[in-house]
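Me: I have a structure to read. Please take me through its features, one at a time.

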Amino acid sequence: MSDQAAPTVVLVHGAFADASGFAGIIRELSASGHSVIAPPNPLRGLGNDARVVRSVAAAIDGPVVLVGHSYGGAVIGQAAAGLSNVTGLVYLAAFSLDAGESCIDVQQPFAPSLLAETARPTPYDAPGAAGGPDLYIDAERFRETFCADVPVDLAQVMGAAQRPLAAAALAEKASEAGWKQIPSWYQVARHDNAINPEAQRFMAKRMGSTIDEIDGSHTAFISQPVRAAEFINSAIVGR
């Protein structure tokens with residue numbers, strides 16, 4: 001693949017996190033000569049968040065590979081629909097939704113994850129969202145739920161700095177599913193306590209994705225950035 005044809009990688013974080021979690025992936029991809037950006041995901045609602053990411057991707061002059069972690073997967077699936085410059089979708093332990101389906105809907109057939117019991121609603125409505133509270137992960141159980149394979153001191157920082165997700169975003173139904181027209185890659189986290197790995201396998205198989213399985217937590221891409229970057233690179237080169 002020539003430099004002119006090389007895609008820009010757009011990394012989209014999920015709930016309870018920000019783009020700083022992609023630091024290891026950014027270092028690895030950048031060292032290999034790839035262009036990478038990691039814009040903020042507002043976490044206010046699926047339609048709103050997808051419009052933000054779509055605007056970023058559409059403004060890039062050249063091909064784009066969209067990478068989503070967790071709720072970020074739902075966002076990239078909707079954002080990519082109809083964008084001619086998006087050449088691949090990469091899901092890292094992420095939601096992929098069909099049109100008319102929500103993050104809650106797609107998990108219903110599977111056993112609830114630990115996140116279902118450790119998520120805590122705020123006593124106030126989520127600012128800038130459609131209504132209802134924000135959600136945080138209980139501080140005492142953050143590492144166990146979200147990032148069990150990162151060092152304790154890093155997990156403490158991540159827990160203290162977690163960005164909330166508007167609860168309404170989980171119930172909002174996708175209006176489009178870009179993965180039906182765009183090739184996809186899915187990395188399943190075998191020891192995920194936030195999204196049931198069986199749900200991940202179902203979503204990956206439904207998309208017809210190129211599938212990889214990694215022995216790691218919901219944030220295996222943080223503890224194993226080389227492995228995650230190699231997987232993303234397989235989407236960049238299209239194999």
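Reply: Buried means under 20% relative accessible area, exposed over 50%, and partly exposed in between, with a 1.4 Å probe and protein chains only. Keep the origin in mind: this is a predicted model, where local features need pLDDT of at least 70, side-chain atom pairs count only at pLDDT 80 or more, and totals for chains, interfaces and linings use all residues. Residues are numbered from 1 along each chain as its sequence is written, and side-chain values use heavy atoms, with hydrogens and water left out.

Me: Where do Phe-142 and Phe-146 lie?

Reply: An α-helix has 3.6 residues a turn, so residues three or four places apart point the same way. Here, both Phe-142 and Phe-146 lie in helix H6 (residues 142–146), four residues apart, about one turn of the helix. Helices (H or I, at least four residues) and strands (E, at least two) are DSSP runs, numbered from the N terminus.

Me: How many aromatic pairs does the structure hold?

Reply: First, the rule. Rings of Phe, Tyr and Trp (its six-membered ring) pair if their centres lie within 6.5 Å; planes under 30 degrees apart count as stacked, over 60 as edge-to-face and the rest as tilted. The structure holds five aromatic pairs. In one of them, the ring centres of Phe-22 and Phe-221 are 5.2 Å apart and the planes are at 35 degrees, so the pair is tilted. This pair links distant parts of the chain, 199 residues apart. Phe-22 is in the loop between strand E1 (8–12) and helix H1 (23–31), and Phe-221 is in helix H10 (residues 220–223). Phe-22 and Phe-221 are both buried. For Phe-142 and Phe-146, the ring centres are 5.1 Å apart and the planes are at 40 degrees, so this pair is tilted. Phe-16, Phe-142 and Phe-146 form one aromatic cluster.

Me: Next, salt bridges. How many does the structure hold?

Reply: Side chains of opposite charge can pair when their charged atoms come close. The cut-off: a side-chain nitrogen of Lys or Arg within 4 Å of a carboxyl oxygen of Asp or Glu. The structure holds twelve salt bridges. One of them joins Arg-206 and Glu-101, with the closest N and O atoms 2.8 Å apart. It links distant parts of the chain: Arg-206 in helix H9 (residues 197–207), Glu-101 in the loop between strand E4 (86–92) and helix H4 (103–107), 105 residues apart. Arg-206 is partly exposed at 26% relative accessible area, while Glu-101 counts as buried at 14%.

Me: What does Asp-212 contact?

Reply: Contact means heavy atoms within 4.5 Å. Leaving aside neighbours within four places in sequence, Asp-212 is in contact with Tyr-186, Gln-187, Val-188, Arg-227 and Phe-231. Asp-212 is in strand E9 (residues 210–214). It is buried, with a relative accessible area of 18%.

Me: Is H3 enclosed or open?

Reply: Ten of the ten residues of helix H3 (residues 71–80) are buried, so H3 is largely enclosed by the rest of the structure. Just after H3, Gly-82 takes a positive phi of about 85 degrees.
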